[in-house]
Structures are given as structure tokens and as C-alpha cells.
Amino acid sequence: MALSKTQNKRLGLILSVMFNDDTPEELLSDVIKDGFVEKNDNNFQLTDKGIDEKSRLCTLSGLNIKYSNEKEKQTT
């Protein structure tokens, strides 16, 4: 199943935060406003809601992208 334009943009922004890419704050404003990303000092990080959304969108698009701590939770 293909992601919509909005879902695709959201997943791209969430992944850019996840992989610590240099992403301008103005591009991140929507995912911050929606509660998927939060700013700590000068860094951005995913919230629990953001991790859930990343997992949902990755599943819809057929991707398997996880933080290392997410992989540990599945094996225990």
C-alpha cells in the first residue's frame, strides 16, 4: 500500500529526526505540533507517540526500521 503525500512527508521527517539528519526546524514544525517530535536543548527527538507513528507508517509502507532499543524489547 502506498503512503499518501502527507504520510510520506511525515515519515521522512520522523526518520530524519531518528537518524539525526540536519533538518531545518521550520520543516519539523508540523511533526512537533502533532506531538511526534520534541526539542531538547538543540536536539530533536521522537516522542513515544512519534515512535508509534514511525512504526505504523513503516508497516504501511513495508519497511522495518527500528531503534536498537525497540529491537531489544521484541526479543525479551
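**View 1. Buried residues of helix H1 in the predicted model.** Helix H1 buries Gln 7, Arg 10, Leu 11, Leu 13, Ile 14, Leu 15, Ser 16, Val 17 and Met 18. Helix H2 (25-33) and helix H3 (48-61) pack against these buried residues. Strand S1 (37-40) and strand S2 (43-46) do too.

**View 2. Length and end of helix H1.** H1 covers residues 5-18, a run of 14 residues. At 1.5 Å a residue, H1 should span 20 Å. The C-alpha atoms at its ends are 20 Å apart, so expectation and model agree. Asn 20 follows H1. The phi of Asn 20 is positive, near 55°.

**View 3. The hairpin of strands S1 and S2.** S1 and S2 run antiparallel. Four bridges join the two strands. Asn 40 has Asn 43 in S2 as its bridge partner. Two residues lie between the strands of this hairpin. Asp 41 sits in the turn, and its phi is positive, about 55°. In a regular strand, side chains alternate between the two faces of the sheet.

**View 4. Glu 53 in helix H3.** Is this glutamate, Glu 53, buried or exposed? Its relative accessibility is 9%. Buried means under 20%, so Glu 53 counts as buried. Setting aside neighbours within four places in sequence, Glu 53 is in contact with Arg 10, Ile 14 and Phe 36. Arg 10 and Ile 14 are among the buried residues of H1.

How values were computed:
Residues are numbered from 1 along each chain as its sequence is written. This is a predicted model: local features need pLDDT of at least 70, side-chain atom pairs count only at pLDDT 80 or more; totals for chains, interfaces and linings use all residues. Side-chain values use heavy atoms; hydrogens and water are left out. The expected span of a helix is 1.5 Å times one less than its number of residues. Buried means under 20% relative accessible area, exposed over 50%, partly exposed in between (1.4 Å probe, protein chains only). Contact means heavy atoms within 4.5 Å. Two strands pair if DSSP finds at least two bridges between them.
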